[in-house]
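Here's a quick briefing to go with the model below. Have it open while you read, and follow the residue numbers along.

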Amino acid sequence: MLDYIKNISILYIEDEKDILDYVSVSLKKYFKNVYGANDGEDGILKYKQYKPDIIISDIQMPKKNGVDLVKYIRDIDKDTPIVMLTAQQDKDELIELINLNINSYILKPIKQEVLIKSIVDIFIPNYQIQLNENIYLDMKESKFITKQTQILLKPKEILFLSLLYKNKKSTTTYEQIEYIIWKDKIMTQNALKTFIKELRHKLPENIIKNVSRVGYILDIR
């Protein structure tokens with residue numbers, strides 16, 4: 001699994017303690033930051049506290065159920081991925097949740113391999129990202145691919161390029177780069193300059209362009 005996928009933060013919400021403990025331990029084998037919550041209200045508190053990269057939640061819970069939880073989060077946050085855990089009898093609630101823009105759902109009882117794959121697929125939805133008709137990013141193999149060559153990149157480099165591509169209609173700011181690439185570490189100017197310089201040496205000329213005092217854009221015309 002790619003390093004930056006290992007470092008994502010997960011909020012797992014489940015009211016049955018045995019299941020919460022078991023699944024949390026399983027997730028911690030693959031992901032660095034896993035936070036547990038035991039009902040919908042606790043889930044909202046933990047969401048505000050940790051600002052996780054992804055939320056995994058049961059539907060049927062006391063105090064605040066999964067539908068109300070998702071409604072609350074989607075009112076203030078349209079982007080954080082949400083995976084719902086559902087039993088067969090949750091059909092009506094699941095339809096409502098799909099309309100609230102959840103990313104995925106998994107039938108209970110939970111299979112570990114299905115849950116892990118669902119999480120990874122959200123963060124690497126396509127193993128190859130086509131930058132233009134001649135250039136690809138291979139997210140699985142961490143490669144920059146052109147018709148002439150394949151360039152092996154570090155996980156942080158491939159993540160940086162995919163971030164620039166995601167923001168292709170705007171400038172990727174220094175703040176975004178620090179938050180997503182450096183995560184909970186401090187990004188110094190020297191560290192960023194060294195990172196960009198090394199990456200530019202690997203790539204065709206002028207693909208990464210600096211926007212003074214703002215950040216970077218990807219020039220793939």
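Predicted model: local features only at pLDDT ≥ 70, side-chain atom pairs only at ≥ 80, totals over all residues.

The protein chain has nine helices and 12 strands, and 45% of its 221 residues count as buried.

**The chain as a whole**

- The C-alpha trace spans about 55 × 35 × 30 Å along its principal axes.
- Take the contacts between residues at least 6 apart in sequence: 56% of them join residues at least 24 apart.
- The chain's accessible surface is about 12,800 Å², and carbon and sulfur atoms account for 49% of that.

**The nonpolar cores**

- In soluble globular proteins, nonpolar side chains tend to be buried together.
- The largest nonpolar core here has 29 residues, and the ones touching the most other members are Leu-131, Phe-144, Phe-160, Leu-161 and Ile-208.
- Two or more residues come from each of β6 (128-132), β7 (135-138), α7 (155-166), α9 (189-202) and β12 (215-218).
- The top contributor is α7, which gives seven residues to this core.
- What does Ile-208 touch, if you skip its neighbours within four places in sequence? Its contacts are Phe-160, Leu-161, Leu-164, Leu-199, Arg-200, Leu-203, Tyr-216 and Ile-217.
- Another core, made of 18 residues, lies apart from that one and includes Ile-5, Ile-8, Ile-56 and Ile-116.

- Helix α4 runs over residues 66-76, and its buried residues are Gly-66, Val-67, Leu-69, Val-70, Ile-73 and Arg-74.
- Those residues sit on the same side of α4, because they cover an arc of only 155° around the axis.
- Look at the other side of α4 and you'll find Asp-75 and Ile-76, both exposed.
- What do the buried residues of α4 pack against? Their partners are the strands β1 (9-13), β3 (54-58) and β4 (82-86), plus the helices α3 (40-50) and α5 (91-99).

**A nonpolar patch on the surface**

- Ile-98, Tyr-105 and Leu-107 make up a nonpolar patch on the surface, and together they have about 290 Å² of accessible area.
- Leu-107 belongs to strand β5, which covers residues 104-107.
- Is Leu-107 buried or partly exposed? Its relative accessibility is 45%, so Leu-107 counts as partly exposed.

Terms used:
Residues numbered from 1 in each chain as written. Heavy atoms only, no water. Patch = residues over 30% accessible without salt bridge, like charges linked within 9 Å, V, L, I, M, F, W, Y side chains within 5 Å. Areas by Shrake-Rupley, 256 points an atom, 1.4 Å probe, with all protein chains shown as cover. Salt bridge = Lys/Arg side-chain N within 4 Å of Asp/Glu carboxyl O. Helix = DSSP H or I, 4+ residues; strand = E, 2+ residues; numbered from the N terminus. Buried < 20%, exposed > 50% of the residue type's maximum accessible area, 1.4 Å probe, protein only. Core = buried A, V, L, I, M, F, W, Y, C linked by side-chain atoms within 4.5 Å. Contact = heavy atoms within 4.5 Å. Arc of directions from axis to C-beta.
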